[in-house]
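Hi,

Here is the structure I said I would pass on. Have a look at it first, and my notes follow below.

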Amino acid sequence: MCSENVNIEFLMLADRAEVLNGKLYMMGGGYDRRTINDLKAPVTLTMIVGILVPWTLTNRPHTVKLRMDTEDGNIVGQEVQGELTVGRSPQAISGQPFRVITVVNFTATLPSLGAFRIVATLDNGESKSTTFYAVSAQTPAQQAG
């Protein structure tokens, strides 16, 4: 059953992803650890958001925002915002919810290694987050050397 509000069903990171004909195709999905070779080099993250729109809220615009925060709550890079409007196909079953999957490629230079939080927020205030950890590609012996 779907609620009577637009809601975020899932949020995850992947190495690559695309949506074709309503289906999600991804490689390296669902990770929580990202190896960083050089903190000076920009990092591209692929964010995947699954949104459920109830029957009663179709055919009107809904806004979703995505951002990345540091452990202490500072925003990394620019917040990304998009709008979606879901229609009802002739094959739709009366009352059914509609899933929309969005893929966003986000590039930023990380300020440090450590924990980062990806946050998706809808215009109705609902949000969901996931955390990933940026870790060094060097072994502890290489870092000391």
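Phe116 is buried, with a relative accessibility of 2% (buried means under 20% relative accessible area, exposed over 50% and partly exposed in between, with a 1.4 Å probe and protein chains only). Before I go on: this is a predicted model, where local features need pLDDT of at least 70, side-chain atom pairs count only at pLDDT 80 or more, and totals for chains, interfaces and linings use all residues. Residues are numbered from 1 along each chain as its sequence is written, and side-chain values use heavy atoms, with hydrogens and water left out.

Back to Phe116, which forms a stacked aromatic pair with Phe132, at 5.6 Å centre to centre and 25° between the planes. For the cut-offs: rings of Phe, Tyr and Trp (its six-membered ring) pair if their centres lie within 6.5 Å, and planes under 30 degrees apart count as stacked, over 60 as edge-to-face and the rest as tilted. Phe116 sits in strand E9 (residues 114-122) and Phe132 in strand E10 (residues 127-136), so the pair ties together parts 16 residues apart in sequence. Strands here are DSSP runs (E, at least two residues), numbered from the N terminus. Phe132 is buried too, at 0% relative accessible area.

The count of aromatic pairs comes to 2. Trp55 and Phe98 also make a stacked pair, with 6.0 Å between centres and 20° between planes. This one links distant parts of the chain: Trp55 is in the loop between E5 and E6, Phe98 is in strand E8, and they are 43 residues apart. Phe98 is buried, with a relative accessible area of 11%.

Leaving out residues up to four places away in sequence, Thr70 touches Val76, Pro111, Ala115 and Phe116 (contact means heavy atoms within 4.5 Å).

Now the sheet. Three strands form an open sheet in the order E1-E5-E8, with antiparallel pairing (two strands pair if DSSP finds at least two bridges between them). E1 (7-14) and E8 (98-108) are at the edges with a single partner strand each, so one side of each has no neighbour in the sheet. E1 and strand E5 (residues 43-53) run antiparallel and are joined by 7 bridges. Within E5, Ile51 is the bridge partner of Ile8.

Cheers

Technical notes: Helices (H or I, at least four residues) and strands (E, at least two) are DSSP runs, numbered from the N terminus.
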